Amino acid sequence: MEMEVAQAAADMVSLKFIGMGLVALGMLGAAIGVGLIFGNATQAVARNPGAEDKIRKLAILGAVFAEFMGLLAFVLGIMIGG
Amino acid sequence: MAAEHHNPIAQFEITPIFSFDPVLGYNLSFTNSSLFMVLSVLGIWLFFTLAMRARATVPGRWQSLAEVTYQFVNGIVEENAGTKARKYFPFIFTLFLFVLFGNLMGMLPYSFTITSHIIVTFALGALVFTGVTLIGMIHQGPIKFFKHFIPEGLPMWIIPVVFVIELISFLSRPFSLGIRLAANMMAGHTLLKVIAGFVVPLGLFGIAPMVFLVLLTGFEVFIAILQAYIFTLLSSMYLAEALHDEEH
């Protein structure tokens, strides 16, 4: 009986680690998103160098929103890890 | 000290400095979080009082710094919320400075980052959200305020669905404001601690994590300022939505 309880506890810890590892994959989307935003921003500046200020503001604003999703994954990971 | 040495999460612990624990059922201790909030406000007050002491028409270096900060936030408010929002400028300015100094003070060694706790940032976000919603309802009337959730020219049957989706997205604003700031700060500081934990055990090769740590600290200072800017920018945008009526 005690071994089963200990086994269940150890399983829980392992599952927590697996869960955290899976949640970390969620940041992949954020990384791709931010890369896309800045890639497009660079291309836009290359096409129209005069609009650099406006494009920079939009790019940073968009990157913050995209990065936020990645941070949500991080927060979930911390919550799972207890 | 040894326990904090290899636990990167321990830096976020709230420890009471003066403990007033069961006062009428609430814990009203003066903690390290409260201390750094007080230090933040003191820092802001000292910075602006001392910098503007010269009162020169052509500003010197410190006065120029204070004036640039003022113009920066003024630009955010006027560009996003329009000239009607001028009377809300002191609030937005205070918000920006509190978040900025809170974030930046967390970059000092052995300090505590007040904005890394979700309860603090959620309180700020909820304050902004409640204030902006009340302002919008008073300014435009409650019916017209809810009309904003339904864009023009939609077929009748889809309006309830769109209304619910827009409402959910509207209600998620205080959470997104709060979690964005807290998660950015917490993630940054945790990463710093984890990398710093590699320096000493590597011995001579600890130079590599040390160099990376220098760059990362610089990046974290940039993120601190950027997150303060984003918080203020989003607050101004929500205020603009609440204030704008005629020009659709």
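**Exercise 1. Work out the order of helices and strands along chain B.**

Solution. Read along the sequence, chain B runs α-β-β-α-α-α-α-α-α-α-α. Counting gives 9 helices and 2 strands. Here helices (H or I, at least four residues) and strands (E, at least two) are DSSP runs, numbered from the N terminus.

Before going on, note that this is a predicted model, in which local features need pLDDT of at least 70, side-chain atom pairs count only at pLDDT 80 or more, and totals for chains, interfaces and linings use all residues. Residues are numbered from 1 along each chain as its sequence is written, chains are lettered from A in the order in which they are written, and side-chain values use heavy atoms, without hydrogens and water.

**Exercise 2. Find how chain A and chain B meet.**

Solution. Start with contacts (heavy atoms within 4.5 Å): 11 residues of chain A touch 14 residues of chain B. Next, take the buried area, the accessible area (1.4 Å probe) that two parts lose on being put together, summed over both. For this pair it is about 1200 Å², with 86% from carbon and sulfur atoms. Val64(A), Phe68(A) and Leu71(A) supply 38% of the area that chain A buries against chain B, more than any other three residues.

**Exercise 3. Locate the salt bridge across this interface.**

Solution. Look for a side-chain nitrogen of Lys or Arg within 4 Å of a carboxyl oxygen of Asp or Glu. The rule finds 1 salt bridge between chain A and chain B. Lys57(A) pairs with Glu79(B) in a salt bridge, and their closest N and O atoms are 3.7 Å apart.
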